[in-house]
Amino acid sequence: MIKMFTTQLAGLFKRISEKQEFEIEDAARLLAQAAVGQGSIYIKAYGEMEAVAAEALYGAEPLPSIKKFDESVPVTEADRVLVVTRLSTDEEAIEFAKGLADEGIPFVGISGLVGENEGLAGLADLHLDTKVIKGMLPGEEIGERVCMPTSMAALYIYFAIGFVIREMLEEYE
């Protein structure tokens, strides 16, 4: 089972990299605008995606200008937001995203895409698909799928964005 999981995970990371290379660069560019300018990059994560927020804020290499989203702190047009959730249909994340869109705050969404340009994906300035919307491995019951490494896929995307942001900031300096 571990070999099958490892194979599936390697394939997942490869699909994300190959199919979203330009979108990852565009997302990094959007977020880097805050780091270069007078703004901050805020992160708002839901459920297990708090793993991404923990890495962004407290990991060995936190993103430049990153802050945890706090409702008591006003977000301005100079700021950028990274919204991370399991599925693009997450109602709580959609409500949050609607508020950002209404205020004209640019943001990047990371989630498993359910439906084209619906929910979080339709609201975000840029949306990155974790490509995990169901289990990756066959379960014991016929037709059952298990193992949804959503946070691992989101962390992969986060690290890819981070590499590009750091490259951009080095060139800017």
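Contact here means heavy atoms within 4.5 Å. By that criterion, and leaving aside neighbours within four places in sequence, Leu 128 is in contact with Gln 20, Glu 23, Ile 24, Ala 27, Val 108, Gly 109, Ile 110, Ser 111, Ile 157 and Ile 161. The model is predicted, so that local features need pLDDT of at least 70 and side-chain atom pairs count only at pLDDT 80 or more, while totals for chains, interfaces and linings use all residues. Residues are numbered from 1 along each chain as its sequence is written, and side-chain values use heavy atoms, with hydrogens and water left out.

Leu 128 also belongs to the largest nonpolar core, which has 39 residues. Such a core is a set of buried Ala, Val, Leu, Ile, Met, Phe, Trp, Tyr and Cys residues joined through side-chain atoms within 4.5 Å; buried means under 20% relative accessible area, exposed over 50%, and partly exposed in between, with a 1.4 Å probe and protein chains only. Ile 43, Val 84, Val 108, Ile 110, Leu 128, Ile 161 and Ile 165 have the most contacts inside this core. Two or more residues each are given by α1 (2–19), α2, β1, α3, β3, β4 (107–112), β5 (126–129) and α6 (150–172). Helices (H or I, at least four residues) and strands (E, at least two) are DSSP runs, numbered from the N terminus. The largest share of the core, ten residues, comes from α6. Apart from this core lies another, of 14 residues, including Tyr 42, Ala 93, Ala 97 and Leu 100. In soluble globular proteins, nonpolar side chains tend to be buried together.

Val 132 is placed in the loop between β5 and β6 (137–138). With a relative accessibility of 1%, Val 132 counts as buried. Residues up to four places away in sequence not being counted, Val 132 touches Leu 12, Arg 86, Leu 87, Gly 112, Met 148, Pro 149, Thr 150 and Ala 153. Val 132 and Ala 153 are 21 residues apart in sequence, and their C-alpha atoms are 7.6 Å apart in space.

Arg 86, one of the residues touched by Val 132, forms a salt bridge with Glu 48, in which the closest N and O atoms are 2.9 Å apart. Arg 86 lies in strand β3 (residues 80–87) and Glu 48 in the loop between β1 (41–45) and α3 (50–58), so the pair ties together parts that are 38 residues apart in sequence. Arg 86 is partly exposed at 40% relative accessibility, and Glu 48 is partly exposed at 27%. The structure holds six salt bridges, each being a side-chain nitrogen of Lys or Arg within 4 Å of a carboxyl oxygen of Asp or Glu. Another joins Arg 29 to Asp 26, with 2.8 Å between the closest N and O atoms. These two residues are three apart in helix α2 (residues 21–36), and therefore separated by about one helical turn.

A further salt bridge pairs Lys 131 with Asp 129, the closest N and O atoms being 3.7 Å apart. Lys 131 is partly exposed, at 28% relative accessible area, whereas Asp 129 counts as buried at 12%. Both residues line the largest pocket, together with Gln 20, Glu 23, Leu 113, Glu 116, Asn 117, Ala 121 and His 127.

Notes: 1 Å grid on protein atoms, 1.4 Å probe; cavity = no way out; pocket = protein on both sides within 12 Å on 5 of 7 lines; lining within 4 Å.
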